[in-house]
Amino acid sequence: MTKTADKTAEITENAKVSTEATDQILAVAEKGVEQSKEALSKLATGAEATQKALESSFETAKTASNELSLKTIAALRANAEASFAHLEALVAVKSPSEFIELQTDFLRKQVEKTVEQSKEFQAAATKAAEDVSKPIKDVYEKAIKELKVA
């Protein structure tokens, strides 16, 4: 072979290697772009789901807060009415023993009522907390499942 033919073969071989390397780099870059698009899509979907969950949680919190406020007002009203009724009964007392009996009975009933109201309020507050956190919890659990799958 001649010197020119050898050089031509060498250049052709180098061009083939260069083209193969370029093709490989291009394939890796395209795969990276595709993975980035997929990750961005998942991120956008996750952000949208989180936003909806937060909106739902805020709406539930508002409703639960109103319900707890109404329960508190009802308990305060019942306690005030019981206190006024007790004062009316005390005005009509004719003896110290009757006073002590009325007072003891009133205090016992108030303690029982307070315990009952506290239990009701605690149950309502617990339910409210669960209802408020449920949408966020659901989104979190879904995200964890998707991460485990991927």
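Mentor: Let's start with a term: a residue is buried under 20% relative accessible area, exposed over 50%, and partly exposed in between (1.4 Å probe, protein chains only). This is a predicted model, where local features need pLDDT of at least 70 and side-chain atom pairs count only at pLDDT 80 or more, while totals for chains, interfaces and linings use all residues. Residues are numbered from 1 along each chain as its sequence is written, and side-chain values use heavy atoms, leaving out hydrogens and water.

Trainee: Is aspartate 105 buried, partly exposed or exposed?

Mentor: Its relative accessibility is 28%.

Trainee: How many helices does the protein have?

Mentor: Helices (H or I, at least four residues) and strands (E, at least two) are DSSP runs, numbered from the N terminus. The protein has 0 strands, and its number of helices is 2.

Trainee: How far apart in helix H2 are aspartate 105 and lysine 109, which form a salt bridge?

Mentor: A salt bridge puts a side-chain nitrogen of Lys or Arg within 4 Å of a carboxyl oxygen of Asp or Glu. Here the closest N and O atoms are 3.3 Å apart. The two residues are separated by about one helical turn, because in helix H2 they are 4 residues apart.

Trainee: Which residues are linked with Asp105 in a network of salt bridges?

Mentor: Aspartate 105 also meets arginine 108 in a salt bridge, at 2.5 Å from N to O. Both lie in helix H2, 3 residues apart. The network links Asp105 with Arg108, Lys109 and Glu112.

Trainee: Which element gives the most to the lining of the largest pocket?

Mentor: On a 1 Å grid over the protein atoms alone, a pocket is an open set of points where a 1.4 Å probe fits, with protein on both sides within 12 Å along at least five of seven lines; lining residues have an atom within 4 Å of a point. The largest pocket is lined by 14 residues, and Lys42 and Lys142 are among those nearest its centre. Helix H1 (3-91) and H2 each give two or more residues to this lining. With 7 residues, the element giving the most is H2.

Trainee: Which residues make the nonpolar surface patch of about 280 Å²?

Mentor: Patches are made of residues with over 30% relative accessible area and no salt bridge; nonpolar side chains (Val, Leu, Ile, Met, Phe, Trp, Tyr) are joined within 5 Å, like charges within 9 Å. Isoleucine 136 has a relative accessible area of 35% and lies in helix H2 (residues 96-149). The patch is made by Ile136, Leu54 and Phe58.

Terms used: Areas by Shrake-Rupley, 256 points an atom, 1.4 Å probe, with all protein chains shown as cover.
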